Amino acid sequence: MNTKNRDKLIVFDTTLRDGEQSAGASLTSQDKFRIAGQLQKLNVDVIEAGFAASSPGDFSAVRKIALEIEGPTICTLARAVKSDIDAAIECVKDGLKPRIHTFLSVSDIHLLHQMKKDRESIMLMAVDAVKRAKEFVEDIEFSPMDASRSDPEYLYIMLEKAIDAGATTVNIPDTVGYSNPKEFGNLISGVFKNVSNINKAIVSVHCHNDLGMAVANSLSSLENGARQIEGCVNGLGERAGNAALEEVIMAVKTRPDHYGISSDINTEEIGATSRLISNIFGFPIQYNKAITGQNAFRHSSGIHQDAYLKERTTFEIMHPDEVGWRGDAIVLTKVSGRAGLKSRLEYLGYKIDDEELIEIFKNFKNLADQKKEITDQDLEALMSEFHRELDTTERFKVVDLDVICGNKQNPSSTITLELPNGKTKTSTKTGTGPVDAVCNSIDSIINENITLTEFAVSSVTEGIDALGEVTIRIEKEGTIYTGQGSDTDIIVASAKAYVNAINRYLIIQSSN
Ligand SMILES: [Zn+2]
């Protein structure tokens with residue numbers, strides 16, 4: 001192992017790969033690039049950008065990130081088969097700092113039911129895959145899938161062979177979230193004791209959260225010598241998700257006395273990263289979520305408040321600024337000027353040019369006419385709406401909407417959409433409610449035969465004039481696509497969200 005890494009936590013973010021495998025998630029290549037840019041600001045060590053062999057869309061998104069995102073190592077996943085490895089090589093070999101991550105199952109339960117192969121042939125596949133990738137890319141990670149349920153003796157031999165074949169990182173996954181901190185820590189310490197060449201590689205872990213122990217298992221592995229932690233911001237990922245990276249990072253930062261390691265993470269970017277990812281994926285953050293929940297730094301009991309006001313550290317172990325927590329500050333109003341808006345947006349981490357500022361300022365003024373106080377939350381919603389518009393130019397767009405509803409009449413909606421060819425089309429339809437009527441009128445123009453599977457409204461801030469944010473999921477041929485829209489009128493927000501979901505389906509479909 002590289003000695004300079006002994007006291008350093010290597011943060012491996014897999015939001016764009018495992019995170020995208022969350023049920024109900026679907027990202028466009030613009031989404032992926034935007035998230036990668038934010039992960040670069042957060043200064044993660046490794047970004048797993050996707051699965052090169054899974055689709056042409058994923059391939060080109062990973063390639064663009066590998067070529068353009070400077071700083072972090074950019075990794076792509078590949079099964080231990082030649083076609084996947086070759087796609088991975090092709091995808092990242094010209095990148096700035098490429099890594100290939102290859103994996104295959106090692107537990108008997110997977111070998112028997114999933115792979116239908118014996119231990120010897122699996123061992124050969126692993127070695128071949130690592131060797132093949134190593135011919136083109138120096139930085140190779142190997143993962144024996146379902147390691148926590150495999151025979152440790154077999155696991156040790158496989159890791160040894162993978163390192164001999166050229167693996168520079170070996171990753172021990174708790175693929176199904178079955179382990180617990182004590183057992184998993186023992187497994188990692190067993191790896192150090194029994195794999196003779198382990199000092200030539202970094203030991204990594206990838207823990208799933210099926211029993212709510214992904215972060216605890218990851219921290220236990222650090223206590224036992226692992227130095228790379230894989231996970232996702234907000235704990236996204238397959239099923240119950242992966243270890244929430246922000247929790248691992250802040251545990252290590254807050255308790256140097258216990259862990260004795262540090263990270264290169266710009267922790268002030270945690271808040272912005274968490275909100276961007278929540279927004280793009282359309283998965284809200286639970287209010288009491290550690291580190292990033294909106295209640296994470298709010299003190300409500302009188303005794304706590306009193307002590308906190310006398311001395312902050314009585315009830316606060318981290319400073320909210322340390323993690324870029326947004327708080328509740330009201331910043332702008334109707335009379336705020338363009339310069340004020342620009343400087344607040346820059347503070348929130350948005351880089352905008354003068355041309356964009358003109359458009360954003362117009363949207364800001366419209367919002368400020370309807371809403372007295374514009375908070376940072378509102379500005380983030382405004383920017384999300386702006387980016388959605390930007391990403392879907394030359395797609396469908398809501399131009400006008402009229403809705404009639406109430407308890408005495410049949411809801412009906414008249415909508416005018418701008419079509420990809422620049423022309424407009426208007427349609428009037430009824431429905432069981434106003435949102436249904438809106439969706440029916442949109443369907444009659446777009447004609448895509450999709451099913452709406454989920455509809456959720458939330459308010460960006462508190463108060464009766466709050467911006468409403470609508471998240472819609474649609475299903476088309478077995479795949480789920482997410483769309484979002486925000487407006488002070490939730491029916492308008494719903495129309496935008498529905499059209500956004502259809503646009504995203506069309507964009508993703510055309511890239512694959
Ligand atoms: Zn996983």
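This is a predicted model: local features need pLDDT of at least 70, side-chain atom pairs count only at pLDDT 80 or more; totals for chains, interfaces and linings use all residues.
1. Domains. The chain is divided into four parts, namely domain 1 (6–281), domain 2 (297–327), domain 3 (330–390) and domain 4 (392–511). If one takes the centres over C-alpha atoms, domain 2 and domain 4 are separated by 41 Å.

2. How helix pairs are described. Two packed helices are described by the angle between their axes together with the distance between those axes.

3. Helices H2 and H3. Helix H2 covers residues 56–68 and helix H3 covers residues 82–92, and their axes come within 8 Å while crossing at roughly 40°. Because of that angle, H2 counts as oblique to H3. On the H2 side the contact is made by Phe59, Val62, Arg63 and Ala66, while H3 contributes Ala87, Cys91 and Val92. Sorted by class, the residues of this contact of H2 with H3 are six nonpolar, no polar and one charged.

4. Helices H6 and H7. Helix H6 (residues 152–165) packs with helix H7 (residues 181–194) at an angle of about 55°, and the two axes are 10 Å apart. H6 is therefore oblique to H7, and the crossing of this pair is right-handed. Which residues make the contact between H6 and H7? From H6 they are Pro152, Tyr156 and Leu159, and from H7 they are Leu187, Gly190, Val191 and Asn194. This contact of H6 with H7 holds five nonpolar, two polar and no charged residues.

5. Helices H14 and H15. The axes of helix H14 (residues 354–370) and H15 come within 11 Å and cross at roughly 130°. H14 passes H15 in a right-handed crossing. The residues in contact are Glu359, Ile360, Asn363, Phe364 and Leu367 of H14, which meet Asp378, Leu382 and Phe386 of H15. By class, the contact of H14 with H15 divides into five nonpolar, one polar and two charged residues.

6. The sheet of S11, S12 and S13. These three strands form an open sheet in the order S11-S12-S13, with antiparallel pairing. Strand S11 (397–404) and strand S13 (424–430) are the edge strands, each of which pairs on one side only. From one strand to the next, the twist averages 15°. S11 is joined to strand S12 (residues 412–418) by seven bridges, and the two strands run antiparallel. As one example of a bridge, valine 398 has leucine 417 in S12 as its partner. Helix H16 (residues 434–446) packs on this sheet and touches S11, S12 and S13, with a direction that makes about 40° with that of S12. H17 also lies across S11 and S12, where it runs at about 140° to S11.

7. The sheet of S14, S15 and S16. Here, too, three strands form an open sheet with antiparallel pairing, in the order S14-S15-S16. The edge strands, each pairing on one side only, are strand S14 (451–459) and strand S16 (479–487). Neighbouring strands of this sheet are turned by 15° against each other on average, with direction ignored. Nine bridges join strand S15 (residues 468–476) to S16, and these strands run antiparallel. Where in S16 is the bridge partner of valine 470? That partner is glycine 485.

8. Helices packed on the sheet of S14, S15 and S16. Helix H15 (residues 376–391) packs on this sheet, touching S15 and S16, and its direction makes about 125° with that of S16. Helix H17 (residues 490–511) packs on the sheet as well, touching S14, S15 and S16, and the direction of H17 makes about 145° with that of S16.

Definitions and conventions. Residues are numbered from 1 along each chain as its sequence is written. Domain bounds come from an automatic or database domain assignment. Axes are lines fitted to C-alpha atoms, for helices over the stretch in contact, and angles run from 0 to 180 degrees between N-to-C directions. Helices (H or I, at least four residues) and strands (E, at least two) are DSSP runs, numbered from the N terminus. Angles under 35 degrees count as roughly parallel, over 145 as roughly antiparallel, 65 to 115 as roughly perpendicular and the rest as oblique. A crossing is left-handed if the near helix is turned anticlockwise from the far one by less than a right angle, and right-handed if clockwise. Two residues are in contact if their C-beta atoms, placed from the backbone, lie within 7 Å. Ala, Val, Leu, Ile, Met, Phe, Trp, Tyr, Cys and Pro count as nonpolar, Asp, Glu, Lys and Arg as charged, and the others, Gly among them, as polar. Two strands pair if DSSP finds at least two bridges between them.
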